[in-house]
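Please keep the sequence and the 3D view at hand while reading.

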4 protein chains.
Amino acid sequence: MAGSTFGTIFQVTTWGESHGKALGVVIDGCPAGLTLSEADIQQYLDRRKPGTSSISTPRREDDTVEILSGVFEGLTTGAPISLMVRNTSQRSADYSEIAGYYRPGHADYTFDAKYGFRDYRGGGRSSGRETIGRVAAGAVAAKILKQLGISVCAYTRSIGPVEIDMAHFDREAILATPTAMPDYTADKAAVSCLEEAKKNLDSLGGCMECIVEGLPAGIGDPVFEKLDANLAKAIMSIGAVKAVEIGEGCTVSLRKGSQNNDAFRMADGQITKATNHAGGILGGISDGGILRIRAHVKPTPSIFLTQQTVNKNGEETDVNIKGRHDPVIVPRAVVVMECMTALTVLDAMLLNMSARLDPIKAFYAAAETV
Amino acid sequence: MAGSTFGTIFQVTTWGESHGKALGVVIDGCPAGLTLSEADIQQYLDRRKPGTSSISTPRREDDTVEILSGVFEGLTTGAPISLMVRNTSQRSADYSEIAGYYRPGHADYTFDAKYGFRDYRGGGRSSGRETIGRVAAGAVAAKILKQLGISVCAYTRSIGPVEIDMAHFDREAILATPTAMPDYTADKAAVSCLEEAKKNLDSLGGCMECIVEGLPAGIGDPVFEKLDANLAKAIMSIGAVKAVEIGEGCTVSLRKGSQNNDAFRMADGQITKATNHAGGILGGISDGGILRIRAHVKPTPSIFLTQQTVNKNGEETDVNIKGRHDPVIVPRAVVVMECMTALTVLDAMLLNMSARLDPIKAFYAAAETV
Amino acid sequence: MAGSTFGTIFQVTTWGESHGKALGVVIDGCPAGLTLSEADIQQYLDRRKPGTSSISTPRREDDTVEILSGVFEGLTTGAPISLMVRNTSQRSADYSEIAGYYRPGHADYTFDAKYGFRDYRGGGRSSGRETIGRVAAGAVAAKILKQLGISVCAYTRSIGPVEIDMAHFDREAILATPTAMPDYTADKAAVSCLEEAKKNLDSLGGCMECIVEGLPAGIGDPVFEKLDANLAKAIMSIGAVKAVEIGEGCTVSLRKGSQNNDAFRMADGQITKATNHAGGILGGISDGGILRIRAHVKPTPSIFLTQQTVNKNGEETDVNIKGRHDPVIVPRAVVVMECMTALTVLDAMLLNMSARLDPIKAFYAAAETV
Amino acid sequence: MAGSTFGTIFQVTTWGESHGKALGVVIDGCPAGLTLSEADIQQYLDRRKPGTSSISTPRREDDTVEILSGVFEGLTTGAPISLMVRNTSQRSADYSEIAGYYRPGHADYTFDAKYGFRDYRGGGRSSGRETIGRVAAGAVAAKILKQLGISVCAYTRSIGPVEIDMAHFDREAILATPTAMPDYTADKAAVSCLEEAKKNLDSLGGCMECIVEGLPAGIGDPVFEKLDANLAKAIMSIGAVKAVEIGEGCTVSLRKGSQNNDAFRMADGQITKATNHAGGILGGISDGGILRIRAHVKPTPSIFLTQQTVNKNGEETDVNIKGRHDPVIVPRAVVVMECMTALTVLDAMLLNMSARLDPIKAFYAAAETV
C-alpha cells in the first residue's frame, strides 16, 4: 500500500494528481442510513477552493463534486461512496520547466528518489489538491458526528507574527475572513502582512487549531492507537505541517505537575475537570473535555525569489518559480485539519463500540430483524 | 483491536500490566537470519530500568528479558519472536487505595469511562511499564537498522528550565548521566532542579529529541503514511508526550519561505541540502538528511502534594498519592522514543522495497533457490 | 470498513453498483515504472463483458475503462491508479418490482437484514458487475506477474454434467469458446445443455480451475496468511462460489499418506516433485510446482420458473423473475477467478521481499540514488 | 507481518514452535467485562491434547495454559490477554536427523526456500502445536458467542472410507470418541481402519464439519470480506486442510437453479428458508440459517513407510521417518476448526455493529458514563 488509505472502520482512500483528469476518494465503511447529497460535501470543498481572495492563488477551480456510488434515494447504503472532482484548470505548461530541477521545500527530489521519476505537473500527487479527497470524506464524517452531538471546528490561530486574540473569538469570522481567523481585527492585520510578503516575493507560515466539542469520555485506545496519537498522525499527514500539539502542547515541558494536572470536580452530577491542560485526552482516551489540537504550518515553499537548487543532471542552478501560489498555506489548510480530525474521531467512536461486553449484548438483543 | 499492535510489516504486539504476572511483546515479521540474543535486548531494557538514580523511583525491577520463540541456534527464523519480562516487585498494596478515586493527570477516569472498571494496580495497562514491550522490540529493530547503516539516537534536550547546550553535545553522556542529557553541565543543573522539585513534592516536565543518521532518501509514503506522520503517531503514543515536532517544528509558523526552504546543493557528486530546516523529510519522504524529531513530555502526574479530585461515588475529595514515582518522566522515556523511532523507520524501509518495479524484478531474478 | 479493500501491499478498493452511475477500483501500492494503458485493462474487461453469446445475458455494456490517475507519460507513478467504467445500459424499470420481495438465492434479504434497506436495482452492490473493479485491478497485477515470469490462467472445468477432457486441453479455446472451456468438444456439449436449461427456464452450475505457472518456491506465510488460505478467501469472495479446492482438494480425505505425499526429486540440478498432489503449496508456502485451485459455482439464482418467497411485509408470495440473466455464471466468472488469483499471488510476492535479512541488505546496498 | 495475526477487532497473534520453550497467543480487542479463567480455556486445549488414545501420538503434553495479562479479579479488562503454554516434552533428538533432508508432504523445503534455513525440531513453526494459540483464543471467542446466544460445533464427518450417518447424529459422542465423530458406530469402524493403517505404516485423511447455530441474519460484508470468504481463509489456514465447502459446497456445480435456490417462507412471524443449500450465507452475509462449513484434511504426511526425497546437498535419498505421529489429523483438528470458526464469526459480529447509523446513535445515546 502506498498509504492512500486512512481509517480502520470508516476507511477512506484518496486518489488523483494536481493536473490529472480528476481527483477523488472512496469512503468504505460509512454506516447505512445517512441522508447525503452533493451539497453536504460541496460546502466543505468550497472552503478549500482556490482563487477566492487576494491572498490565494488565482488558479480557478470549481471543484464540483459528483457522487458516483453508495447513495440510493438520498441515503447511504453501506456500500462504498465514490466521490470525484474533475480537474478543469490544468495549465501544465507552467510546470514543464520544473521537470528538470528540484524545487526547494517541495517533494520533487524525494519523489524521484523513491519512484525514479515523477508526475511533475503542479506537484502531481504531492499537490495540495490531494486534500480534495480528504475534505470530501471529512464532510461526510462531520455530518455523522453532528448527528452524534459532536462538533469539530478548526480555524487559523496565527499567520506570521499576527496571532488571534481569544478574547475576541468570533466563530462566524472563520468562514467570513480570507484568513479563516475567528477575529476580524487579526484578520486585517494578517492580510496586510501577507500582501507585504507577496510584494517581497516571499511567503509566511502560520498556526491552526481545531477543537472538538461534545465528545463523550472513553473514546480512543490506551497504547499505540491513542486518540492523540492518531490525531497527531492525521494532522501531520497534511502537507506542510511540521508540529502537532495536544492541549498545552510544547509548554508542558516547562510546567510543574502541580501546574499541569487537571483537578477532577463535580458539576451538575457529572464528573468534569477544573482546567483542561490535557486538551481533553488522558492516557490516549477522551476525558469528556474539549479536544484541543494545534498544528504549525511552514511557509509556502513556492516563492518567487530566486533560489539555489540542483537539476536532474546533478548541476547546481538558480531557479525562479512560476505558476500560481498562495503566499500562505494555513487558511486553505484549516478545513483540511477539521476534516482529518473528524475522520479520526469518528473512526475511534466506531471502534469503541466493541470495548465492553454488556453493550454488545444489548446491541444484539435489540437488533431489529427486517 | 484494542490498539496494542504497531507496524505493517515489522509488526509488534505488546501486552501486560504494571502489576500483572509479566509484560511482553510479540514481534511478527522480523526478517530471518538476524543474530539475536537476550543480551542485545537487555541493554536497551536496562536503559529504562527504574531505581538507578536519585531522580528515579526506588522501585527495583531487574526486568530480565526471556526469548520464548522465533530464534533458533542464535538466528531469527522469520517466526514470531516472543519476548517476556516477569514482574518481580509488585507492591499492589500501595495502590489498593487509589481504586476508589481518580488521580489527576492519570488515565484512571478514562479507563473507567471506556471499560466500566480498571486494573488499578500501578496504572495497570496505562503504566509506564507497558513500554517494556516497545523497548524490547525496538532493540531488535535498531539492530537491523544498524546493519543497514542507520543509527537512531535519542536524548534529553531539556528538563524544566534547564536546556542542553548543543555546543557541548557529548553523545557518551546520554548513557552516563541520570538525565540522559548529552551535556554533563546541563545534567548537573537538571539534577538539582529535580531534587528541588522533589523537596517541594512536585514534578517537572521536559523535552527529548531523536536523530536518525544514515537513512537513504526515498523512505516514507506521500499521503497518509508520510514518514513524519507515522513518527508523530509513534512518539505521541508514548504516555505523557503532548507535542511532536519535525525539524524546525513549531518555529516554522513564524518563518518566511525564504528562511525555511533548504537549498539543494552538490557535495562529492551527491545531492545534499545547504540547511536542514525540514528535519530530513520532504512531502512525507526522507530526503537523505538527518531526521530530527522532538517531543515535549508533561511533568509526572503523580505528585505528593495534596490534590483535588473525585471518587467513584461522584464525591469531591482530596488525595495524597503514595507509591514510588519519578519526579520527571523524560530520562526513562528517551530510550522509548529511540525505540519507537527505530520501529517506525524500519517498517517504512521494508514497505519501501516494493515502490519500484525494476528492483522487484532484480530481487526475484537474484532470489537464491535453496 | 465494509470490506471493499483487498490486499496488503498491492491494495485494491472497488466501488459501484449495477445500476449506479459507474463502477471502478482504486489500486494503491502499484510499483512505479510499469508501462500501462487502457488497452492492457480493456482486454480483461472484454472477457467478462455480457452479451457476447447465446448463453449470456442480452444486456449490452461496452464496459469501457478510463484511467483517471496514477499513470504519467504511459508509466505508473506509484500513486493510486483510479479506474472507472461508466454504466450505460441501466434498465432499472426491470427491477423496480423486486424492491418489494426477496429473490431466492440472492442477497436481497441479507442486505435488508444488515443495512435496513438496499439498492435493489439489479442487485446493487451484490451484482456481478462489482467484479469489474476486480478484473480491472487484476489485469494490472497479471501484467506485473508476467514481467516476473509468472502466468495465471483460469478456465471452465465443467458446466452441469459436462466436464472437459484434460487429454484435449487446448488453451486457445478458453478465449475462443462461449463457455471458456479449453476443449472445443466439451464446449459444444455444454452449450446444448445450457440451451436446454434455458428452455426449461432453469440454470446450471459449474466448476472453474486456475493454474499459476512460474511461481518460485517460498511465497506465502506459514500461519494465518498461508498462500492457500488467501487464495481460498480471494476465490470464495467471488459471488456464487461455494467451494474452493487446492491441488487434490476434497479427494485427499479419501487418500492414504503413501498416495498423497509428493516425493522430492532432482531434475537438472533443481529440486522438484515427482507428483503435485499438493497443488504447489506446502505449509502455506509455494513449493515451486504449479499452483492448482478449483472453485465450484452455484447455478444462476435468477431463473424464470415461478418460485416461492416472502415479501417485505412478511407475506408469502410467488415470484416470476424478469430481467436479463445468464443461464450459467461460470464462463464470465473465469476471468474474475484469474484476476483474484493474480492479485493474491502478486501481493504475497511483494510481502515476501522482507522475509530474509540478507536480501534486504543487498536491496539497500544496490539502491540507486537519483 | 509474517501473518501470525488473525482478525480485525478481536485480533489474535500466535507465537511459538513445537520444540521451543513455549507457545502462546495474545488476544487484543477482547471486550471488557467477560468472566474468564484458565479453566475456560483448558477444556478446549484438552480436546487437542495428544496422547489420549490408541490413534494419537504417544507424545505426552499437559498443555497447561497460563493467563499472563488482561484479566483482573476474574474479568477481562479490555487489555491484551496473553496466554502461554510451556513445552514440556521436547525430544529434539528425534528430529536432529531430519535437519538434513526434506520430508515429503511437509513444509521443510518451503521454509528453507523462504527463509534460507529452519527450526527443524518437530516442524518448528509449522508444527500442529502452533494451533495451541488458535484454540486458546478460540475458547475465549466461543465463550463470548455463547453469551450472544450462538453455538459453534465441529466434528469429524469421515475418516478414510468411514463416514458418519447423520441419522445417528449424537452430539455427545464428539467429545466421547477418539475420532470426534458424533456417531459411535462410525467411530468404531474408523478406529479399526486407523489401526489397519498404522499396521501398514501408513496414514488416512478425513473430513470435518462445523455448524454455527443462533447466528442472526446480517453478519458479514458483501465484497471481499464475505463471511464465507473469511471462513474459507480461516479454515484453509489450518495445516493439512486442502478444501473448504460452504453449504452444499462442491455439489452445487452439478445442480440446477431450481434445485439449489432456497425458498423463503414465514414461520412464527419470522422469515426463514424452506431449505438451506446455501449453508446460512447469501451474498457473503448470514441469512439467519445454520452455518455449515466442511473441510477436507489430507492424511498425516509423516508415515513410517520408506519414502523418496532429496537432502540439502541436492542428492536424492530414501527416508524413514521417526518420531511420534498420529495416523490421522482430523480428530485433533476438529477443535481447531471450531475455534477458527468462532474467531471468524465473533470478529464479523463486532465489525457489524457499525453497519447502520441508527443503532450507532442509540449506542451513544445509551452509553453509560461512569
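Two strands are said to pair if DSSP finds at least two bridges between them, and the strands themselves, like the helices, are DSSP runs numbered from the N terminus, with at least two residues (E) for a strand and at least four (H or I) for a helix. The model is predicted, so that local features need pLDDT of at least 70 and side-chain atom pairs count only at pLDDT 80 or more, while totals for chains, interfaces and linings use all residues. Residues are numbered from 1 along each chain as its sequence is written, chains are lettered from A and ligands numbered from 1 in the order in which they are written, and side-chain values use heavy atoms, with hydrogens and water left out.

In chain C, strand 10 (residues 206-213) pairs with strand 16 in the antiparallel sense over 7 bridges, and C:Met208 stands opposite C:Ala295 of strand 16. Strand 11 (residues 241-246) of chain C is also an antiparallel partner of strand 16, over 5 bridges, and here C:Val244 is the residue that stands opposite C:Ala295. Strand 16 (residues 291-297) of chain C is largely enclosed by the rest of the structure, because 6 of its 7 residues are buried, where buried means under 20% relative accessible area, exposed over 50% and partly exposed in between (1.4 Å probe, protein chains only).

In chain D, D:Val330 is found in helix 9 and counts as buried because its relative accessibility is 0%. Leaving aside neighbours within four places in sequence, D:Val330 is in contact with D:Thr156, D:Gly206, D:Cys207, D:Met208 and D:Val297, contact meaning heavy atoms within 4.5 Å.

Where chain D meets chain A, the contact takes 27 residues from each of the two chains. The size of an interface is often given as the accessible area lost when the parts come together. Between chain D and chain A this buried area (accessible area, 1.4 Å probe, that two parts lose on being put together, summed over both) is about 2700 Å², of which carbon and sulfur atoms give 67%. D:Met353, D:Leu357 and D:Tyr364 supply 26% of the area that chain D buries against chain A, more than any other three residues. On the side of chain D that touches chain A, helix 10 gives the most, with 6 residues.

The contact involves 101 residues of chain B and 101 residues of chain A. Across the interface of chain B and chain A the rule finds 6 salt bridges; B:Lys114 forms a salt bridge with A:Asp221, the closest N and O atoms being 3.7 Å apart. Helix 3 (residues 108-115) of chain B gives the most to the side of chain B that touches chain A, with 7 residues. Strand pairing also links these two chains, since strand 11 (residues 241-246) of chain A and strand 11 (residues 241-246) of chain B pair in the antiparallel sense over 3 bridges, with A:Ala243 opposite B:Glu245.

Definitions and conventions
Salt bridge = Lys/Arg side-chain N within 4 Å of Asp/Glu carboxyl O.
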